[in-house]
Each structure stands twice: as C-alpha cells, then as structure tokens.
Amino acid sequence: MAENLGYTKPLFILAFDHRSSFIRDLLGLEGKLTNADVNKISELKYLIYQGFVKTVENKLVPKDNAAILVDEQFGNKILLEANIKGYQVCLSVEKSGQQEFVLEYRDNFVEHIKKYDPAFVKALIRYNPEGDNELNRYQQQKLKQLSDWCRKNDYKFLIETLVPATPKQLAQAGDIKKYDEEIRPSLVLKMITELQNAGIEPDVWKIEGMIKPQYYQNTIKQIKAGGRDNVSLIILGRGENPQKMERWLKVGKGIDGVIGFAIGRTIFLPTLKEYLAKKVTSQQVIDKIADQYYHFYKIFNS
C-alpha cells in the first residue's frame with residue numbers, strides 16, 4: 001500500500017451536496033431548472049454553510065476536524081469562500097440521481113477538481129455485491145480511474161457507499177428495517193472487499209450506520225486489511241431521523257478507526273422546510289443548523 005494512503009484525524013462533515021433529492025424533496029421541482037430556481041437553491045445552501053461557519057467560528061467544532069461537503073452546481077460561491085477562509089472542503093464529483101456511478105464532468109473532471117483544490121474528492125456509489133454483476137464491474141472501472149487519479153495527484157479520496165437491497169434480499173428479510181440491521185452489514189464487507197480487489201483505494205469510507213459495535217469492528221478490519229492501516233470510516237446520515245442517527249453514532253463512537261460522521265438532511269431539511277413555509281427567519285435557520293451540527297458532534301464525542 002502507498003505510504004500516504006489513509007486519513008486518521010477526527011472528521012465531522014456537514015454534508016449538503018444533495019442535488020436531485022434537494023430539488024425534489026425540498027422544492028418539489030421537476031424538469032429543467034430556471035435561473036431563479038438555481039439561485040434559490042444556492043441561497044438555501046449558503047444558509048447551511050453559514051450554520052457551519054457559526055459552529056466553527058464559535059469554536060464548538062474544531063476547525064481542523066470540521067468540513068463541508070458540497071457540490072459545484074449550487075455551491076460554487078461556498079467552495080471558493082471556504083477555501084479563502086481555510087475551511088476543509090469535500091467536493092462531490094458524481095452525477096446526482098443516478099443508479100450507477102457517473103462523473104458529473106466526465107471529460108474534464110480534473111479541471112473541476114483543481115479549480116477548488118478540495119481536501120477530499122468524494123464519490124457516491126450504489127453497490128450491492130449480490131446485485132447486477134455487470135453494473136458492479138462497470139462501476140469498479142470508473143471508480144478505479146478516479147481513485148488512481150486522486151492517489152497520483154495527492155488528493156484524499158472519500159467514497160460514500162450505499163448498499164440498496166435487491167428484491168430477493170428484501171423478500172428474505174421481510175422488511176427494510178430487518179434488511180438494514182441484519183443483512184446489510186455482511187454485504188458491506190463483501191462490497192469493500194470487491195472494491196479493494198478492483199484496485200479502488202479510498203482514504204476514508206463513508207458507510208451507512210449500523211446497530212452493533214461488532215459490525216463496525218468487522219468493517220474497520222476489512223478497510224484496513226492488506227496494510228491499509230491508516231484508512232478510516234465515517235458514518236453517513238442518509239437522511240435518517242435524529243434518534244436513529246444518534247443511535248448509529250453512539251454505537252460507532254470510540255471504536256478505533258471510526259473517526260467521525262457526514263450528516264446532512266437530518267440537520268438541515270426540517271429547518272429549511274420551515275424557512276420555505278416562512279415559519280422561521282434566515283438567522284434562525286443558521287442558528288438551528290449550527291445547533292444541530294454541534295449536537296451530533298457532542299453525541300459522537302461524549
């Protein structure tokens with residue numbers, strides 16, 4: 001393994017790189033966006049960013065351990081400003097709303113990454129090792145290209161993995177909750193192994209939460225296998241309710257190799273809905289997002 005592979009510092013990401021779900025679930029929009037739509041989404045994302053800034057500037061979450069995850073489409077201003085202010089930036093590079101991994105800017109993704117010079121390059125993949133083998137192989141090839149480029153050019157690579165249930169698995173489980181809690185953890189291990197064998201080498205794995213310490217420990221063992229000693233895991237939010245998110249964090253915290261979280265919709269979605277309904281002011285949005293971000297930081301570090 002490369003000497004510089006991995007990342008071991010605590011990492012607490014406020015994630016708002018959502019595009020398709022943001023447009024659909026928050027604004028109820030479909031089809032081509034108008035300039036006014038784009039500006040509105042950018043404005044809402046800037047409020048989220050200001051919540052992050054408030055938390056960090058008030059020294060509630062250490063600046064060295066805090067980060068934002070945002071997209072270029074609606075977050076250009078945020079990305080540029082965050083770099084000037086010295087905040088850690090994670091840049092999402094996948095095309096949103098796709099069932100397979102596709103780069104947002106296929107032909108010139110390098111140019112777009114270098115424009116912002118992020119601390120982390122992040123890719124989202126939906127991958128079930130017992131699912132479509134042809135699709136899995138295709139995604140492996142595309143991810144390896146990005147992984148190799150990040151390693152060669154000294155960018156930390158963060159991979160966000162979702163393991164959606166196949167119809168057969170869902171039938172076997174009986175319901176999505178049982179799949180999530182009892183079947184998915186073993187599939188995560190298979191998924192990580194397959195991606196590693198395909199030459200994909202993230203520095204940080206962003207993994208869906210689990211309900212037993214042993215599940216996290218098994219996952220850590222696999223992501224560190226083969227000399228990947230400094231590779232780490234963060235827990236993703238997946239838009240879950242706060243209680244479930246708290247449970248995932250409480251189970252994962254303190255386990256060696258679990259270094260933090262990436263939480264988004266759980267923090268910002270309810271508050272932005274209130275804002276759009278004119279129930280709260282923009283300053284109240286900023287304050288509530290700051291409070292929620294800090295809340296989950298305290299849960300993980302208590």
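The lining of the largest cavity comprises five nonpolar, three polar and four charged residues, where Ala, Val, Leu, Ile, Met, Phe, Trp, Tyr, Cys and Pro count as nonpolar, Asp, Glu, Lys and Arg as charged, and the others, Gly among them, as polar. The model is predicted, so that local features need pLDDT of at least 70 and side-chain atom pairs count only at pLDDT 80 or more, whereas totals for chains, interfaces and linings use all residues. Residues are numbered from 1 along each chain as its sequence is written, and side-chain values use heavy atoms, with hydrogens and water left out.

A cavity is a set of points on a 1 Å grid over the protein atoms alone where a 1.4 Å probe fits but cannot get out, and its lining residues have an atom within 4 Å of a point. One cavity of 30 Å³ or more was counted. Helix H4 (109-116) contributes the most, with three residues; helices (H or I, at least four residues) and strands (E, at least two) are DSSP runs numbered from the N terminus.

Strand S1 (residues 11-15) is largely enclosed by the rest of the structure, because five of its five residues are buried (under 20% relative accessible area, 1.4 Å probe, protein chains only). Leu11, Ile13 and Ala15 cover one side, and Phe12 and Leu14 the other. Strands pair if DSSP finds at least two bridges between them. S1 runs parallel to strand S8 (residues 258-263), joined by four bridges, with isoleucine 13 opposite alanine 262. Four bridges also pair S1 with strand S2 (residues 66-70) in the parallel sense, and phenylalanine 12 stands opposite alanine 66.

Methods:
1 Å grid on protein atoms, 1.4 Å probe; cavity = no way out; pocket = protein on both sides within 12 Å on 5 of 7 lines; lining within 4 Å. Points joined across faces, edges and corners; volume = space filled by probe spheres on them. Buried < 20%, exposed > 50% of the residue type's maximum accessible area, 1.4 Å probe, protein only.
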